[in-house]
Amino acid sequence: MFWLKFIRDFLKVLRAGQTPGQIAGGFALGSILGLSPMLTLQGVVVWFVILLFNVNLSAALVALTFFSVVAFIVDPLFHTVGYNLLVNVSGLHDFWTSLYNAPIAPLTRFNNTVVLGSFVVALICAFPVYLGMRRFVVLYRTHIHSKVEQWKIFKAIQKSLLVRWYEKIRDIAG
């Protein structure tokens, strides 16, 4: 049931009333949260940015879910990037030492190779994710949405007694 709801919510986000830039912005920020650990200083900052700016929160949550799965798969890459930045780039050794000795900076957990590598990769990927998602939202709204509504599986999901029952219970509980 979770995956059906997830797909349906993602399709709702794509055709939501917000602009493609707002949806793509939420998706890009959610990708940063999904790729890097959230229980760090930078994770809290990204959550504040999501709540402060006018981006789509649902898109951020969809991206968070999707990129959390991706992050689990590419953790070895994150470790390699973080290890190289912490150990092999000798010009950064003094920076890392002074950062770790700063009062609040240890909350970033940048002394962990996976945390550092995942955050760096997430920042590098955020702009291409934004551009790609913005383009995809425009494409979906102009060409794909009307075709998706004609799919038999989409109609079946919409008419499914189980889905309608779930929505009623969710609305009562919420």
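I32 touches V46, F119, A122, L123 and A126, leaving aside residues up to four places away in sequence. The model behind these contacts is predicted.

I32 also belongs to the largest nonpolar core, which has 35 residues. Together with F27 and I50, I32 touches the most other members of that core. Helix 1, helix 2, helix 3, helix 4, helix 5 and helix 7 are the elements that give two or more residues to this core. Helix 7 gives the most, with 10 residues.

Next comes helix 2. This helix covers residues 20–35. Of its 16 residues, 15 are buried, so helix 2 is mostly covered. What span should its 16 residues have? At 1.5 Å a residue, helix 2 should span 22 Å.

Two packed helices are described by the angle between their axes and the distance between the axes. Here are both values for this pair.

| Helix pair | Angle | Axis distance |
|---|---|---|
| Helix 4 (residues 57–73) and helix 5 (residues 75–88) | about 70° | 5 Å |

That angle makes helix 4 roughly perpendicular to helix 5, because 65 to 115 degrees counts as roughly perpendicular. Which residues meet? A71, F72 and I73 in helix 4 meet D75, P76 and F78 in helix 5. By class, this contact has 5 nonpolar residues, no polar residues and 1 charged residue.

Conventions. Residues are numbered from 1 along each chain as its sequence is written. This is a predicted model: local features need pLDDT of at least 70, side-chain atom pairs count only at pLDDT 80 or more; totals for chains, interfaces and linings use all residues. Side-chain values use heavy atoms; hydrogens and water are left out. Helices (H or I, at least four residues) and strands (E, at least two) are DSSP runs, numbered from the N terminus. The expected span of a helix is 1.5 Å times one less than its number of residues. Buried means under 20% relative accessible area, exposed over 50%, partly exposed in between (1.4 Å probe, protein chains only). Axes are lines fitted to C-alpha atoms, for helices over the stretch in contact, and angles run from 0 to 180 degrees between N-to-C directions. Angles under 35 degrees count as roughly parallel, over 145 as roughly antiparallel, 65 to 115 as roughly perpendicular and the rest as oblique. Contact means heavy atoms within 4.5 Å. Ala, Val, Leu, Ile, Met, Phe, Trp, Tyr, Cys and Pro count as nonpolar, Asp, Glu, Lys and Arg as charged, and the others, Gly among them, as polar. A nonpolar core is a set of buried Ala, Val, Leu, Ile, Met, Phe, Trp, Tyr and Cys residues joined through side-chain atoms within 4.5 Å.
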